[in-house]
Amino acid sequence: MADSESENYVEGNTYHHEDFETVEPLSAHHSENGQEIPEQDEEVTTTNSLGGTWLKNVDPREDFSALCNPTIVEDDNMLDLIYWRDVRKTGVVFGSMLLVLLSLAFFSLLSVLAYLSLAILTVTLSFRVYKNIMAAVQKTSDGHPFKQYLDLDITLKEEKVSRVTHTVLQHINRSLLELRRLFLIEDLIDSIKFGLLLWVLTYVGAWFNGMTLIILLVVAIFTLPKVYETYKVQIDNYVNMARNQLNTVLAQVQSKVPFLKKKAKTQ
């Protein structure tokens, strides 16, 4: 009899993340020894503070989290760089990337590759000659100065490449489905929003070229996550306020223009 009651209790209070967005607090119930357990003080919610997105098949927050997933980025090296865990290491990587991109903005790709490779070769050759001279003067045998790097395995693992390729392919397919939905006017409101976004991008393209946008993107990747981590509470509050105002304006527009109202989906 006790086993049956226990099974009913488990079946009646088991919730799955895919079925519910918000899990309401359970009412007072009894534990195995008959003592009453009080209700939870706060409800447990799984909704994101930024709310839903008007792009049904593409969520940039989800894409970003997937790209920064430890299963893809081994040992969280990318996250450590983005969030400036090691200031010196991040500074070197960020500065090098910015220098290369700025060089590409003023010189051709072939020239940048040639000069960059020549600079690296000059440094390594000079260091190798210096170590050989020091070994000859001191009559020591330290071996090759770059032996640890020569022995380092830099080959791409088939499993890792397959995993990354699978993830990228999923994002490409979802983006294609979303673009088809927007261009073929499956939802009038979403297609109008998409058209406004394209109209704004025409001005962005007139102000910046492709390389400038890439430079701004790299700067944003190395600055915005850290800023958000530091001022998360304040930023979330302002974003929620802006989102509520936008939803209010959209609701007013849709109420005045009946044909813009979305049709309720039939169950």
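At roughly what angle do the axes of helix α7 and helix α8 cross? The model is predicted, so local features are reported at pLDDT of at least 70, side-chain atom pairs count only at pLDDT 80 or more, and totals for chains, interfaces and linings use all residues. Residues are numbered from 1 along each chain as its sequence is written, and side-chain values use heavy atoms, with hydrogens and water left out.

The axes of α7 (residues 158-183) and α8 (residues 188-207) cross at roughly 100 degrees and come within 8 Å. Axes are lines fitted to C-alpha atoms, for helices over the stretch in contact, with angles running from 0 to 180 degrees between N-to-C directions. Helix α7 is therefore roughly perpendicular to α8 (65 to 115 degrees; under 35 counts as roughly parallel, over 145 as roughly antiparallel and the rest as oblique). On the α7 side the contact (heavy atoms within 4.5 Å) is made by Leu179, Arg181, Leu182 and Phe183, and on the α8 side by Asp190, Ser191 and Phe194. By class, four nonpolar, one polar and two charged residues take part in the contact of α7 with α8; Ala, Val, Leu, Ile, Met, Phe, Trp, Tyr, Cys and Pro count as nonpolar, Asp, Glu, Lys and Arg as charged, and the others, Gly among them, as polar. Helices (H or I, at least four residues) are DSSP runs, as are strands (E, at least two), numbered from the N terminus.

The 30 residues of α5 should span 44 Å at 1.5 Å a residue, and this agrees with the 43 Å between its end C-alpha atoms. The expected span is 1.5 Å times one less than the number of residues. Lys139 follows α5 and has a positive phi, near 55 degrees. This residue lies in the loop between α5 (109-138) and α6 (147-150) and, at 76% relative accessibility, counts as exposed (over 50% relative accessible area; buried is under 20% and partly exposed in between, with a 1.4 Å probe and protein chains only).

Trp84, also not a glycine, has a positive phi of about 55 degrees. Most residues other than glycine have a negative phi. Trp84 is placed in the loop between α3 (77-82) and α4 (87-106), and its relative accessibility of 25% makes it partly exposed.

Ile215, in helix α9 (residues 210-230), counts as buried because its relative accessibility is 13%. Apart from neighbours within four places in sequence, Ile215 is in contact with Leu98, Leu101 and Leu102. A C-alpha separation of 9.8 Å is found between Ile215 and Val100, which are 115 residues apart along the chain.
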